[in-house]
Amino acid sequence: MPKHEEFMIEAIRLSVSAVENGNEPFGAVLVKDGEAVYSNENQIFTKTDPTYHGELGLIRSFCQETGITDLSEYVMYSSCEPCFMCSGAMVWSNLGTLYYAASNMDLEEIMGKEGVKCSEIVFTHSHHQPEVHAGLLREESMEVLSAYFGKSQSE
């Protein structure tokens with residue numbers, strides 16, 4: 001199995017773990033030189049912090065713990081396309097590359113809404129544009145998102 005898929009499987013596993021821990025289903029893995037160096041899951045409810053999304057929480061904690069603020073040599077794998085806030089954090093930390101599974105438009109469709117391409121909008125209009133690869137293991141991520149958000153819509 002290619003390494004990209006292994007890292008995305010871990011991001012999706014973290015999204016499942018987030019739900020098991022009482023949070024929303026989002027996870028992220030940070031990689032440098034082909035090795036995972038940090039990971040995080042959404043913790044908005046357990047940390048009582050609506051900004052503690054998988055990606056932003058990862059960037060915040062990793063940078064604080066390591067003193068590294070330039071992520072240009074790093075790759076992030078996210079179980080879902082980053083929101084505007086998380087995309088902004090990727091711009092300000094100079095993230096090198098982003099892989100995401102399901103898109104924000106996929107997520108919004110599950111919730112019966114019309115979505116937008118959050119990361120594309122932010123990156124296109126910013127001083128820094130990470131290299132982006134969309135749709136890696138999209139179906140696997142969609143299953144997790146549908147189980148969580150689709151359920152809440154039918155109740």
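Which residues of α2 are buried? I looked this up before anything else. They are G54, E55, L56, G57, L58, I59, S61, F62 and C63. I took buried as under 20% relative accessible area, exposed as over 50%, and partly exposed as in between, with a 1.4 Å probe and protein chains only.

**Basis.** I worked on a predicted model, in which local features need pLDDT of at least 70, side-chain atom pairs count only at pLDDT 80 or more, and totals for chains, interfaces and linings use all residues. Residues are numbered from 1 along each chain as its sequence is written, and side-chain values use heavy atoms, with hydrogens and water left out. Helices (H or I, at least four residues) and strands (E, at least two) are DSSP runs, numbered from the N terminus.

**Helix α2.** I checked the length of α2 next. Its 13 residues should span 18 Å at 1.5 Å a residue, and the end C-alpha atoms are 18 Å apart, which agrees. The expected span is 1.5 Å times one less than the number of residues. The buried residues of α2 pack against β1 (27–32), β2 (35–41), β3 (74–80) and α3 (84–92); contact here means heavy atoms within 4.5 Å. G67 follows α2 and has a positive phi, near 80°.

**Helix α1.** I listed F7, M8, A11, I12, L14, S15, S17 and A18 as its buried residues. An α-helix has 3.6 residues a turn, so residues three or four places apart point the same way. Just after α1, G22 takes a positive phi of about 90°.

**Helix α3.** I found C86, S87, G88, A89, M90 and V91 buried in α3. The buried residues of α3 pack against α2, β3, β4 (97–102) and α5 (118–124).

**S119.** I then went to S119, in helix α5. S119 counts as buried because its relative accessible area is 2%. Its side chain is joined to that of E81 by a polar contact of 2.9 Å. A polar contact is a pair of N or O atoms within 3.5 Å; within protein, one must be able to donate a hydrogen and the other to accept it, and residues adjacent in sequence count only if both atoms are side-chain atoms. Neighbours within four places in sequence aside, S119 is in contact with E81, P82, S87 and Y100.

**H133.** I placed H133 in strand β5 (residues 131–134). With a relative accessible area of 27%, H133 is partly exposed. The side chains of H133 and E131 make a polar contact (2.6 Å). Neighbours within four places in sequence aside, H133 touches T97, L98, Y99 and Y100.

**Largest pocket.** Last, I looked at which residues line the largest pocket. There are 17 of them, with F26, H53, C83, N104 and L107 nearest its centre. A pocket is an open set of points on a 1 Å grid over the protein atoms alone where a 1.4 Å probe fits, with protein on both sides within 12 Å along at least five of seven lines; lining residues have an atom within 4 Å of a point. α4 gives the most to this lining, with three residues.
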